[in-house]
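Here is a short report for a first look at this structure. Please keep the sequence and the 3D view at hand while reading.

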Amino acid sequence: MLNIWTPEAIQLFILFVVPGFISIKAYELLFPSQQPDSSKQLIDAVSFGSLNFAFLYIPIGLIESSTIKTTCPLSYYFFYIFILFLAPLIWVYIFKKIRLSKWFQSKAPHPIQKPWDFVFAQRKSYYVIVTLKNDKKIGGVFASNSFASSTPATEQIYLEKAWELNENERFKKEYTDTAGVIILSSEIVTVEFFNY
């Protein structure tokens, strides 16, 4: 029977899987999406970990062939902390910059899947008018204390200030006796944004 608990097997697991999982989790924070099943995530983690190892193969080879392990063990351990934990974050950051570049977007789909996520991820402040399915309109302010859900959660929006609208559906005055309003996507038809 194959023994997978040898020190060499554990080292290989750490070297190829841990950086991959770090890359996956960092990427999910930057570009939220539906969670794949865990078996696919394991395959992705090994793939990303292999890329991490491939990109850093030469520095790893140089360190392993040097005497640094015995002459300066602290530097050796810090090098592998960089390989396992920091390099995967750096690759994700570089990949984010490439994916959000205009050149890349002209060649491939945008990494953010929904306009809802794209708009609210910018964290800009807006006056907002939300039209509901019953034709009622809700005015409010989306600012620093407001919140909008992001993928994979169902779309919901919290407006920190609610405003009364006039007959022309323009902002008339702020309601001072409320702490904001939460609106569920199941009730929303449109969301209009105005510069704050």
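## Helices and the predicted model

Helices are DSSP runs of H or I with at least four residues, numbered from the N terminus. The model shown here is predicted. Helix α5 covers residues 73–99, and Ile-98 is found in it.

## A nonpolar surface patch

Ile-98 belongs to a nonpolar patch on the surface.

Ile-98 has 38% relative accessibility, so it counts as partly exposed.

## A buried serine

Ser-23 sits in helix α1, which covers residues 7–30. Is Ser-23 buried or exposed? Ser-23 counts as buried because its relative accessibility is 8%, and the cut-off for buried is under 20%.

Which residues does Ser-23 touch, leaving aside its neighbours within four places in sequence? Ser-23 is in contact with Phe-48, Pro-88 and Val-92.

## Backbone features in loops

Arg-123 lies in the loop between α7 (115–121) and β1 (126–132). With a relative accessible area of 45%, Arg-123 is partly exposed.

Asp-135 is placed in the loop between β1 and β2 (137–142). Asp-135 counts as exposed, at 63% relative accessibility.

## A cis peptide bond

Thr-151 and Pro-152 are joined by a cis peptide bond. Its omega is about 10 degrees. Pro-152 is in the loop between β3 (147–148) and β4 (156–159).

Methods:
Residues are numbered from 1 along each chain as its sequence is written. This is a predicted model: local features need pLDDT of at least 70, side-chain atom pairs count only at pLDDT 80 or more; totals for chains, interfaces and linings use all residues. Side-chain values use heavy atoms; hydrogens and water are left out. Helices (H or I, at least four residues) and strands (E, at least two) are DSSP runs, numbered from the N terminus. Buried means under 20% relative accessible area, exposed over 50%, partly exposed in between (1.4 Å probe, protein chains only). Contact means heavy atoms within 4.5 Å. Patches are made of residues with over 30% relative accessible area and no salt bridge: like charges are joined within 9 Å, nonpolar side chains (Val, Leu, Ile, Met, Phe, Trp, Tyr) within 5 Å. Accessible areas come from the Shrake-Rupley method with a 1.4 Å probe; for residues, only the protein chains shown count as cover. A salt bridge is a side-chain nitrogen of Lys or Arg within 4 Å of a carboxyl oxygen of Asp or Glu.
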